[in-house]
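Here is a short report for someone meeting this structure for the first time. Keep the sequence and the 3D view at hand while reading.

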Amino acid sequence: FQRTTMDQVEALVGYAPVLPATVPDGYVLDAVAVAPGESQNFTGAEASNPTSVDIVHIRYRNGWRTFTTTTRRVGDQPDFWIDPFSGEGQFYDIAAVEVTGPYFLGQIAELSTSPETVPHLWVRGEDLVFTVTGPLRDFEMVDIVNTLEPT
C-alpha cells in the first residue's frame, strides 16, 4: 500500500474513490492508501477469494477509534467472492441487508458480527467489492453502505 491523497486515487487505480456521504458523528477522514494492480493481500477463508486488484483503503478517525472502508475490483470471477474477513473455523452472526443506496442499489450486503472479530459489512457489486470494518453499530455500517457515491 502507498499513502496518497483523495484527488490522486483515480489516477492510481483507474476508478473514482467510493465514499459515504455521511459517517457517524465525530469521525473525520484520516488516511487514504492504495494498492494499484494485483495485490498479494489475499482475503477470505483460506485465501479463497479472487486476487485483489486496485485496492483503495480509506480510514476514518474519532479520537482513538477508527473504521476503515475498502474497495477493490471484482475481477473476472465475481461469483467466487465470499466474505473478505472470513477465516477458517470462525463463526459469525450474519444478517443479509438489501442495499437501498445508489451505488450498490439492490445488492445484498452481509453484516457480520462475532466475538472473534471486528464487526464488518461487505457487498459485491458489478465492478467493485466494498467493505467497512470497525467498532461501529450495525445501523452505522448499513448507513455507510447506503450513502456511498463515487467522488
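Trp122 has Thr131 as its bridge partner in strand 9. That pairing belongs to a predicted model. Strand 8 and strand 9 run antiparallel, and five bridges join them. The two strands form a hairpin, with three residues between them.

Strand 9 also pairs with strand 5. Six bridges join these two strands, and they too run antiparallel. Here Arg72 has Val129 as its bridge partner in strand 9.

How many of the six residues of strand 9 are buried? Six of the six are, so the strand is largely enclosed by the rest of the structure. Its side chains split into two sets. Leu128, Phe130 and Val132 point one way. Val129, Thr131 and Thr133 point the other way. Both sets are buried.

Thr70 sits in strand 5. Its relative accessible area is 10%, so Thr70 is buried, the cut-off being under 20%. The side chain of Thr70 makes a polar contact of 2.4 Å with that of Thr131. Another polar contact, of 3.2 Å, joins the side chains of Thr70 and Arg72. Which residues does Thr70 contact, leaving aside its neighbours within four places in sequence? They are Val56, His57, Val129, Phe130 and Thr131.

**The nonpolar core**

In soluble globular proteins, nonpolar side chains tend to be buried together. The largest nonpolar core here has 29 residues. Within this core, Phe104, Leu121, Phe130, Val132 and Val145 touch the most other members. Several elements give two or more residues to the core. They are helix 1 (9-13), strand 2 (18-20), strand 3, strand 4, strand 7 (108-114), strand 8 (117-124), strand 9 (128-133) and helix 2 (138-146). Which of them provides the largest share? Helix 2 does, with four residues.

Val145 shows how these parts meet. Leaving aside its neighbours within four places in sequence, Val145 is in contact with Val99, Phe104, Leu121, Val123 and Phe130. Phe104, Leu121 and Phe130 are themselves among the core residues that touch the most other members.

**Salt bridges**

A search of the whole structure finds four salt bridges.

| Pair | Closest N and O atoms |
|---|---|
| Asp30 and Arg61 | 3.3 Å |
| Asp54 and Arg73 | 2.5 Å |
| Arg124 and Asp79 | 3.7 Å |

Take the salt bridge of Asp30 and Arg61 to begin with. Asp30 lies in strand 3 and Arg61 in strand 4, so this pair ties together parts that are 31 residues apart in sequence. Asp30 is partly exposed, at 29% relative accessibility. Arg61 is partly exposed as well, at 29%.

Next comes the salt bridge of Asp54 and Arg73. This pair links distant parts of the chain, with Asp54 in strand 4 and Arg73 in strand 5 (residues 65-73). The two residues are 19 residues apart. Is Asp54 buried or exposed? At 10% relative accessibility, Asp54 counts as buried. Arg73, at 28%, counts as partly exposed.

The remaining pair in the table is Arg124 and Asp79. Arg124 lies in strand 8, and Asp79 lies in the loop between strand 5 and strand 6 (93-98), so the pair ties together parts that are 45 residues apart in sequence. Arg124 is partly exposed, at 26% relative accessibility. Asp79 is exposed, at 66%.

**A loop residue**

Where is Gln40 found? Gln40 is in the loop between strand 3 (28-38) and strand 4 (53-62). Its relative accessibility is 63%, so Gln40 counts as exposed, the cut-off being over 50%. Gln40 and Val53 are 13 residues apart along the chain. Their C-alpha atoms are separated by 9.2 Å.

Technical notes. Residues are numbered from 1 along each chain as its sequence is written. This is a predicted model: local features need pLDDT of at least 70, side-chain atom pairs count only at pLDDT 80 or more; totals for chains, interfaces and linings use all residues. Side-chain values use heavy atoms; hydrogens and water are left out. Buried means under 20% relative accessible area, exposed over 50%, partly exposed in between (1.4 Å probe, protein chains only). A nonpolar core is a set of buried Ala, Val, Leu, Ile, Met, Phe, Trp, Tyr and Cys residues joined through side-chain atoms within 4.5 Å. Contact means heavy atoms within 4.5 Å. A salt bridge is a side-chain nitrogen of Lys or Arg within 4 Å of a carboxyl oxygen of Asp or Glu. A polar contact is a pair of N or O atoms within 3.5 Å; within protein, one must be able to donate a hydrogen and the other to accept it, and residues adjacent in sequence count only if both atoms are side-chain atoms. Two strands pair if DSSP finds at least two bridges between them.
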